[in-house]
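Take a moment to turn the model around on your screen before reading on. The report below walks through a few of its features, one at a time.

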Amino acid sequence: SGLQSIKPMEIDHLQSDASENHFNEADEFRRLYAFLLFTTALWISGKLFARLGMPALVGEILVGILAGPHVENWVPETDALILQGDLALVLLMIEAGLHVDMEMIKIVGLRALAVGVIGSFLPMGLGMAVATLILRLDAMESFAIGASFATMSTGIALNVMKAGGVLNQPSGQLLLAAATVNELINISLITEIDAVVANGP
């Protein structure tokens with residue numbers, strides 16, 4: 001009688017495990033299917049924008065915005081994708097360094113430094129002015145908004161110049177060096193903001 005009373009419990013437990021495994025498999029399939037659709041949409045949008053004479057990156061960014069968590073939220077595991085993007089950005093920065101022509105940098109060095117500094121602090125000043133005079137924000141909030149305007153993506157600039165075939169020309173090396181200077185300034189600004197937010201003014 002003891003074995004007979006145990007067997008139904010075991011059957012119920014096995015049925016519960018089977019239904020749970022089936023649910024997990026179905027959920028995993030939906031995640032993989034959504035990820036496949038998202039990746040396909042990225043590829044198609046890049047090709048479409050390239051045919052229209054625009055950088056493929058513009059179409060990919062547009063798809064990321066529309067399918068991302070702030071609009072339609074179709075993309076599964078956004079944290080994992082963001083981590084992959086961070087790793088890819090590191091590799092892209094390494095690639096940018098590999099494309100630097102030191103002889104050309106010696107020629108455009110001062111101009112690149114000037115473009116990088118002006119390209120950082122001019123939009124930062126405009127952003128702080130708008131935040132202070134129009135939005136009536138305090139100094140720290142205005143500084144944070146201004147710093148967000150100071151950035152220039154070296155990765156995006158690298159892709160656009162490679163697509164345009166100007167990366168190894170003087171203008172391309174000038175922009176690449178200026179973008180690197182801009183990145184260094186922006187990293188310093190963001191680090192300062194993070195320190196102030198973490199420790200207080």
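Arg 136 counts as exposed, because its relative accessible area is 66% and the cut-off for exposed is over 50%. In this predicted model, Arg 136 sits in the loop between helix H4 (102–134) and helix H5 (139–149). Its backbone is worth a look too: phi of Arg 136 is near 60 degrees, a positive value in a residue other than glycine.

Now step back to the whole chain. How many helices and strands does the protein chain have? There are seven helices and zero strands, and reading along the sequence gives the pattern α-α-α-α-α-α-α. The chain has 201 residues, of which 22% count as buried.

Next, look for a nonpolar patch on the surface. Ile 61, Leu 62, Ile 65, Leu 66, Val 71, Ile 156 and Val 160 form this patch, and together they have about 560 Å² of accessible area. Two elements each give two or more residues to it: helix H2 (56–67) and helix H6 (154–164). H2 gives the most, with four residues.

Leu 62, one of the patch residues, is found in helix H2. Is Leu 62 buried, partly exposed or exposed? With a relative accessibility of 39%, Leu 62 counts as partly exposed, because that class lies between the cut-offs of under 20% for buried and over 50% for exposed. Here are the two residues with their values side by side:

| Residue | Relative accessible area | Class |
|---|---|---|
| Leu 62 | 39% | partly exposed |
| Arg 136 | 66% | exposed |

The last stop is the largest pocket, which holds about 1,000 Å³ of space. It is lined by 24 residues, and those closest to its centre are Leu 81, Gln 84, Gly 85, Asp 86 and Ala 88. Which elements each supply at least two residues of this lining? They are helix H1 (2–51), H2, helix H3 (78–98) and H6. H3 gives the most to the lining, with nine residues. By type, the lining divides into 13 nonpolar, nine polar and two charged residues.

Methods
Residues numbered from 1 in each chain as written. Predicted model: local features only at pLDDT ≥ 70, side-chain atom pairs only at ≥ 80, totals over all residues. Heavy atoms only, no water. Patch = residues over 30% accessible without salt bridge, like charges linked within 9 Å, V, L, I, M, F, W, Y side chains within 5 Å. Areas by Shrake-Rupley, 256 points an atom, 1.4 Å probe, with all protein chains shown as cover. Salt bridge = Lys/Arg side-chain N within 4 Å of Asp/Glu carboxyl O. Buried < 20%, exposed > 50% of the residue type's maximum accessible area, 1.4 Å probe, protein only. 1 Å grid on protein atoms, 1.4 Å probe; cavity = no way out; pocket = protein on both sides within 12 Å on 5 of 7 lines; lining within 4 Å. Points joined across faces, edges and corners; volume = space filled by probe spheres on them. Nonpolar A, V, L, I, M, F, W, Y, C, P; charged D, E, K, R; others polar.
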